[in-house]
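Thanks, I'll keep this short. Please have the structure open while I go through a few packing details.

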Amino acid sequence: MSAKVWAFALRSLARQPGRAILGILGVAAVGALLFDMLLLSRGLLVSFRALLDSAGFDVRVMAADAPAFARPRIADAETAAAAIRALPEVEEVVSLRLGNATVTGPDGGKHDIFLIGADAETRRRPWILLEGRDLGPSDTGGPPALIVNRRLATALRLRPGSELTLRGDCTRGAASAAPPVRFRVAGFAAFPFDDPKAMTAAARLVDFGRTCGLDERSDADLFLVASREGRGPEAAVRSIRALRSDLHAFSNEEIVARFQQVGFSYFRQISAVLSSITLFFGFLLITVLLTVSVNQRFAEIAALRALGFTRRRVVLDVLAQAVLLVGVGGVLSLPLGVVLARWLESILHAMPEIPAAMHFFAFEPRALATHALLLALTAVLAALYPMRLVSRLPIAATLRSEMVT
Amino acid sequence: MSPPVVEARGVTRTFPMPAGPVVAVRDLSVTIAAGEFVSICGPSGCGKSTLLHILGCVDAPSSGALLVDGRDVSTLGDAERSALRLSKIGFVFQRFFLLPMLTAAENVELPQAEAGVTRGERRRRTSALLDYVGLAHRAHHRPSQLSGGEAQRVAIARALANRPRLLLADEPTGELDQATGQQIVGLFERVHADGTTVVVVTHDPAIAARTPRMLSMRDGRIDDGASR
């Protein structure tokens, strides 16, 4: 379409500024909802994948392919971890134990905390140190070291060097018979899977075992594995499966794919349905606006045709008007969509046990491209009926009927 | 010898209606030579506007042939007919049909832009045309700010924008008072005097009396007895 077609379409829209603004605002609202639905359709997946990748581990090894609460532990974990670590495709293995503990705060109140036991000999850690020191392979004396998250530090008014006493609660609801263990806070860390209200602490496996009254090397809930650079996680998974067929190894890619098929598919379906409805309303809005506009301008369009405007030219004018309405509305819909997504995100994050770092609405360039494509398609489809009216407009009959009326 | 500007040969135009077909123009032949100033008059419904639409290539006859500059236009497609209208035929309507969102100058520029005239040439030609119709001082006014006579003069300037050989006007004074109508007819006389062929449809005998040739229509035919 040439510049003169765009300029003429712009002038035609500006002729009814109120109607054009209403149309643009309508498209902006529809576009914002569409944008959010597109972000939602893959947001959890993208965000979940980013969480899995965040600490640099790309393979997870478990004793069974079952949910965490029902999953057995990996028996003889030390031997298994050593064997996996020896594989040429594997760079690092971290054994993890997961449990709970209680701690008494300065106000005398009891706090439940999520306790992680982890190998402290590895370079990678399943948390990100924010302040203080990380866990070392051993302590030089005094209470064992503990890493805590900010929320726990704030609730208990802890600083690096503070001491606290934990009572283990690691047997899934049953109280531990082990005596309380005094810890010294080495540093503060961010744990990627923490929900906003979580109070989390991490200790070395040996100290976790003491707190929970367990043999620290006997078993593990999970191995976090980093594949060797150049080999890749798929090769590491294959080797682990070949080495220990009783264990279940999954790359991050596989975990995301499984979630995509089950847990997250609901979001995809909801977003597909809402996107379709949203687009349909956008289509109706533009079709109605353009049809009304074209109907009001029949005589004028017939006159333009009599003056020498081709059928193609007047049809393109209608299409250009649709594209302008949808284009301007579509651009406005992006900041509106971002604001709306943030608001919805804050509502959804009020749900329990949603990691703070997990986002329902995650931006991807392809969401922007899909948004633009769907809106462009809507503009074209919405313009089809008024374009048809214009293309089939009989010049002489229209001029004659205008004279009569 | 140059061919006639437009020639209708035995044209008939029938409109299908629920109550049966209505014949608006019936086996009519007419030749308009270059440089003529012709009025077509007759009572309402006699087919004069339909004939004008056929002569202006905005309507196609049901049968018969139409030649513009000696070329049969019956078989032309929409794009070719549009190009023909754009370059060779100017239209003036009873209700002006100026675009309300454009100024007088922009309305006159519109068909020129469509014909691919350069911006500089458009400006120059538009300025000359508005001056020609006596509205140079109204160039930047919108149609809503013009009187009926001024709007019709802008419409005439727009019709002349691509220097057509043939100017067709359908009841151009129908919306105007008598004095203003006479001024518009005076403008057509001037356009004719400057070399453009002009055909005006009117039901006003006073206007028809001012044209050198008058075609009187009745029941879709030219009444030779009443024509001159």
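F48(A) touches F193(A), I255(A), V256(A), F259(A), F264(A) and M358(A), leaving out residues up to four places away in sequence; contact here means heavy atoms within 4.5 Å. This is a predicted model, in which local features need pLDDT of at least 70 and side-chain atom pairs count only at pLDDT 80 or more, while totals for chains, interfaces and linings use all residues. Residues are numbered from 1 along each chain as its sequence is written, chains are lettered from A and ligands numbered from 1 in the order in which they are written, and side-chain values use heavy atoms, with hydrogens and water left out.

F48(A) sits in helix α2, residues 17–53 of chain A. Helices are DSSP runs of H or I, at least four residues, and strands are runs of E, at least two, numbered from the N terminus. With a relative accessibility of 8%, F48(A) counts as buried, which means under 20% relative accessible area, with a 1.4 Å probe and protein chains only. Between F48(A) and F360(A) there are 9.4 Å, C-alpha to C-alpha, at a sequence separation of 312 residues.

Next, α5(A), residues 205–212. Six of its eight residues are buried, so the helix is largely enclosed by the rest of the structure. The buried ones are L205(A), D207(A), F208(A), G209(A), T211(A) and C212(A). They pack against β3, β4, β7, β8 and β9 of chain A. Just after α5(A), G213(A) has a positive phi of about 70 degrees.

Note on methods. Buried means under 20% relative accessible area, exposed over 50%, partly exposed in between (1.4 Å probe, protein chains only).
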